[in-house]
Amino acid sequence: QVQLVESGGGLVQPGGSLRLSCAASGSIFSINAMGWYRQAPGKQRELVAARTSGGSTNYADSVKGRFTISRDNAKNTMYLQMNSLKPEDTAVYYCNADLTIPNRGKFGYWGQGTQVTVSS
């Protein structure tokens, strides 16, 4: 069974850093486009960072210069490095990926979400 499993969330002080990981498990041929989203209480889910299969990236204005999306193809894992964290970054973070499954085709998957809390 293919799934995305997130880790790396937690409590951090303002100005601190966290790295979120999203590992794709199961029989996977490739990770294509991918992205990280977040949802704060009472707010809609928003795109934080995205990366195309060709390597192009884009970021929400609120995180530009502070967050970096990346991937390790050998480990089928995606990352979100978050630096200079602010209280307004507090949210549940979700990874999303378009995966190619052998003999089946392309499908979109979501991770289970991981809580990031930025507070002193």
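These legends go with close-up views of a predicted model.

**View 1. The disulfide between Cys22 and Cys95.** Searching the whole structure turns up one disulfide, and here it is: Cys22 bonded to Cys95, with an S to S distance of 2.0 Å. Look along the S-S bond and you'll find a torsion of about 55°, so this disulfide is right-handed.

**View 2. Where the two cysteines sit.** Cys22 belongs to strand 3 (residues 18-25) and Cys95 to strand 9 (residues 91-101), so the pair ties together parts that are 73 residues apart in sequence. As for solvent, Cys22 and Cys95 are both buried, which means each has under 20% relative accessible area.

**View 3. Ser84, a serine with positive phi.** Phi of Ser84 is about 50°, even though the residue isn't a glycine. Follow the chain from strand 8 (77-82) to strand 9 and you pass Ser84 in the loop between them. The relative accessible area of Ser84 is 41%, so the residue counts as partly exposed.

**View 4. Asn103, an asparagine with positive phi.** What is phi of Asn103 near? The value is near 65°, positive in a residue other than glycine. Asn103 is in the loop between strand 9 and strand 10 (105-110). With a relative accessible area of 86%, Asn103 is exposed; the cut-off for that label is over 50%.

How values were computed
Residues are numbered from 1 along each chain as its sequence is written. This is a predicted model: local features need pLDDT of at least 70, side-chain atom pairs count only at pLDDT 80 or more; totals for chains, interfaces and linings use all residues. Side-chain values use heavy atoms; hydrogens and water are left out. A disulfide is a pair of cysteine sulfur atoms within 2.5 Å. Helices (H or I, at least four residues) and strands (E, at least two) are DSSP runs, numbered from the N terminus. Buried means under 20% relative accessible area, exposed over 50%, partly exposed in between (1.4 Å probe, protein chains only).
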